[in-house]
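Reader: Could you take a single part of this model and look at it closely, describing how it sits against its neighbours?

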Amino acid sequence: MARWRPDARERLRQAALELFAEQGFAATTVPAITARAGLTTRTFFRHFADKREVLFADEAEISAFATELMATAPTDEPLTFIVAGLRTVAETYLEGRKDDLRQRRAIVASDPGLGERDQHKRAMLAQVMRDGFRARGLDPLRADLLAETAGTLMYVSVAAWLETDDGRRLGDIIDAALATLRAELEGLPNGQGASQG
């Protein structure tokens, strides 16, 4: 009966992260993960398609959330809407998990294949936003620019948050990053600043 305990997924995840950190992602096998967790390989595959999914398991959930969010995206003040959405993602999926996310980032950085998968995740989220804005009638150029800006804003903010221990919440860093971006755009020469439309 132990294999059916409700904490099986978390036990598998924790065992995998420990082994990835100790011996590297490539050297870690699914049987080693399940042995560390005290579960069966069959149980592992009930929860994860493969060992990479331990690191990217939240991908589908975040994508579904972003798709649902974009279905209600306003065509006026879309950047304000995006920032509110990013803050929601930060509070819902990331805040309180800083140590876990730092560990995950180190593991992903150690393996080129995982780095590619991480870039794919970033591109997927940008595509969800791009499609959402286009479906709401935004000009394709504007939709693409907003989607890429949102992705960059999130990833830069998360990186800054993970590199600091000053007690700031991720949502506050997102706000600060946006303020910095706006200030830079306002400072463009020859009247090309953001205030020109």
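Author: A crossing is called right-handed if the near helix is turned clockwise from the far one by less than a right angle, and left-handed if the turn is anticlockwise. In this predicted model, the crossing of helix 9 and helix 10 is right-handed. The axes of helix 9, residues 140–162, and helix 10, residues 170–186, come within 9 Å and cross at roughly 125°. Angles from 65 to 115 degrees count as roughly perpendicular and those over 145 as roughly antiparallel, and helix 9 and helix 10 are therefore oblique to each other.

On the side of helix 9, the residues in this contact are Thr149, Leu153, Met154, Ser157, Val158, Ala160 and Trp161, which meet Leu170, Ile173, Ile174, Ala177, Leu178 and Leu181 in helix 10. Sorted by class, the contact of helix 9 with helix 10 has 11 nonpolar residues, two polar ones and no charged ones.

As for helix 9 itself, its 23 residues should span 33 Å at 1.5 Å a residue, and its end C-alpha atoms are 33 Å apart, which agrees. The buried residues of helix 9 include Ala143, Leu146, Ala147, Ala150 and Gly151, and the list also holds Leu153, Met154, Ser157, Val158, Trp161 and Leu162. Besides helix 10, the buried residues of helix 9 pack against helix 6 (78–94), helix 7 (98–109) and helix 8 (112–135).

Helix 8 also holds Val128, a buried residue with a relative accessible area of 14%. Val128 touches Ser63, Ala66, Thr67 and Met70, if residues up to four places away in sequence are not counted, while Val128 and Leu162 are 25 Å apart in space, C-alpha to C-alpha, and 34 residues apart in sequence.

Terms used
Residues are numbered from 1 along each chain as its sequence is written. This is a predicted model: local features need pLDDT of at least 70, side-chain atom pairs count only at pLDDT 80 or more; totals for chains, interfaces and linings use all residues. Side-chain values use heavy atoms; hydrogens and water are left out. Axes are lines fitted to C-alpha atoms, for helices over the stretch in contact, and angles run from 0 to 180 degrees between N-to-C directions. Helices (H or I, at least four residues) and strands (E, at least two) are DSSP runs, numbered from the N terminus. Angles under 35 degrees count as roughly parallel, over 145 as roughly antiparallel, 65 to 115 as roughly perpendicular and the rest as oblique. Contact means heavy atoms within 4.5 Å. Ala, Val, Leu, Ile, Met, Phe, Trp, Tyr, Cys and Pro count as nonpolar, Asp, Glu, Lys and Arg as charged, and the others, Gly among them, as polar. The expected span of a helix is 1.5 Å times one less than its number of residues. Buried means under 20% relative accessible area, exposed over 50%, partly exposed in between (1.4 Å probe, protein chains only).
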